[in-house]
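The stops below say what to select and what to look for at each one.

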Amino acid sequence: MWQRALPLLVFIALAGLLLAGVRLSATRDPNALPSPLIDRPAPEFQLPTLHAPDVSVSRADLLGKPYLLNVWASWCAACRLEHPLIDRIAKEGKVRVIGFNYKDQPADATRWLQQFGDPYAQILVDLDGRSGIEWGVYGAPETFLVDATGVVRFKHVGPMTPDIYHDEILPRIGANP
C-alpha cells in the first residue's frame with residue numbers, strides 16, 4: 001500500500017513547495033534586480049561626453065552632489081516612455097540627472113535628443129558597453145541614484161515611474177515630494 005501512496009505524497013510535497021515559491025515571488029517587485037553596488041562606491045570610470053567627445057568625465061568629477069545616472073539609448077523603445085519623466089525630474093532640480101548613453105552611436109543619440117529634448121546635465125558615452133558591465137547594467141533603461149560621496153544608494157531596472165521617483169529617490173536624497 002505504501003508503495004502506491006509514495007509517488008502521490010512526493011507529488012503533493014513538490015506541489016506545495018512550488019506553490020510556496022510562487023507566492024513568495026509574487027510579493028516581490030519583478031523589476032527589482034539585486035545590485036552588488038548598493039551601499040558601495042560607484043565604479044571608477046573615465047568616459048567621453050556626447051556633446052564634447054574630447055572631454056572626459058570620471059567618477060571623481062561627479063562627487064559633491066547626488067545624481068541620477070540614467071542609462072538610455074536611441075534604440076531603446078522604453079527610454080522614450082520614461083523620457084518625459086526624466087525631463088520633469090531634471091527641470092525640478094532636486095537631483096542632477098546624468099545621462100549614460102549605452103551602446104549607441106553618437107550621431108543617433110544626438111538626433112534622438114534633438115527630437116525628444118535633452119534633460120541631462122551631462123551625457124557620458126559608453127559606446128562599447130564596458131563601463132556598463134562595471135555598473136552591472138542589464139540593458140536600457142536603468143537608473144542609479146548615487147549620493148554626494150559617490151556611493152550607489154538605489155538602482156531601478158526599466159522605465160522610471162513617478163511612484164519610483166517619489167517613493168524611492170526623493171526620500172533617499174532627503175527631498176520632499
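Start with the hairpin formed by β7 and β8, which has four residues between its strands. Select glycine 150 in the turn: its phi is positive, at about 90°. Keep in mind throughout that this is a predicted model.

Select residues 142-146 for β7 and residues 151-157 for β8; the two strands pair in the antiparallel sense, over five bridges. Two of the facing residues can be picked out by hand. Phenylalanine 144 has lysine 155 of β8 as its bridge partner, and threonine 143 has histidine 156 in β8.

Now colour β7 by burial. Five of its five residues are buried, so the strand is mostly covered. Glu142, Phe144 and Val146 point one way, while Thr143 and Leu145 point the other way.

**The whole sheet**

In what order do its six strands lie? The order is β1-β8-β7-β4-β5-β6, in an open sheet with mixed pairing. At the edges are β1 (40-41) and β6 (122-126), each of which pairs on one side only.

For orientation, the chain holds five helices and eight strands. Along the sequence they follow the pattern α-β-β-β-β-α-β-α-β-α-β-β-α.

**Strand β4**

Select β4, residues 67-72. Towards β7 the pairing is antiparallel, with five bridges; tyrosine 67 stands opposite valine 146 there. Towards β5 (96-102) the pairing is parallel, over six bridges. One of the partners to show on that side is isoleucine 98 in β5, which bridges to leucine 69.

Is β4 enclosed or open to the outside? Six of its six residues are buried, so the strand is largely enclosed by the rest of the structure. Show the side chains to see both covered faces: Tyr67, Leu69 and Val71 are on one side, and Leu68, Asn70 and Trp72 are on the other.

**Helices on the sheet**

Next select helix α2, residues 77-92. The helix lies across β4, β5 and β7, and runs at about 160° to β4.

**The disulfide**

Select cysteine 76 and cysteine 79, which are joined by a disulfide with an S to S distance of 2.4 Å. A search of the whole structure finds one disulfide. A disulfide is a covalent bond between the sulfur atoms of two cysteines. Here the torsion about the S-S bond is about 90°, so the disulfide is right-handed. Both cysteine 76 and cysteine 79 are buried.

**Aromatic rings**

Show the rings of the aromatic residues. A search of the whole structure finds five aromatic pairs. One to select is phenylalanine 45 with tryptophan 135: the pair is tilted, with 6.2 Å centre to centre and 45° between the planes. This pair links distant parts of the chain, 90 residues apart. Phenylalanine 45 is in the loop between β1 and β2, and tryptophan 135 is in helix α4 (residues 130-135). A residue counts as buried under 20% relative accessible area. Phenylalanine 45, at 7%, is therefore buried, and so is tryptophan 135, at 1%.

Then select Trp72, Trp112, Phe116 and Tyr120, which ring pairs link into a cluster.

**Threonine 49**

Move to threonine 49, in the loop between β2 (46-48) and β3 (56-58). Draw a distance from its side chain to the backbone oxygen of alanine 52: the value is 2.7 Å. Leaving out residues up to four places away in sequence, threonine 49 touches Val55, Val57, Ile123 and Val125.

Finally, select everything. The chain has 177 residues, and 40% of them are buried. Among contacts between residues at least 6 apart in sequence, 69% join residues at least 24 apart.

Technical notes. Residues are numbered from 1 along each chain as its sequence is written. This is a predicted model: local features need pLDDT of at least 70, side-chain atom pairs count only at pLDDT 80 or more; totals for chains, interfaces and linings use all residues. Side-chain values use heavy atoms; hydrogens and water are left out. Two strands pair if DSSP finds at least two bridges between them. Contact means heavy atoms within 4.5 Å. Axes are lines fitted to C-alpha atoms, for helices over the stretch in contact, and angles run from 0 to 180 degrees between N-to-C directions. A polar contact is a pair of N or O atoms within 3.5 Å; within protein, one must be able to donate a hydrogen and the other to accept it, and residues adjacent in sequence count only if both atoms are side-chain atoms. A disulfide is a pair of cysteine sulfur atoms within 2.5 Å. Buried means under 20% relative accessible area, exposed over 50%, partly exposed in between (1.4 Å probe, protein chains only). Rings of Phe, Tyr and Trp (its six-membered ring) pair if their centres lie within 6.5 Å; planes under 30 degrees apart count as stacked, over 60 as edge-to-face and the rest as tilted.
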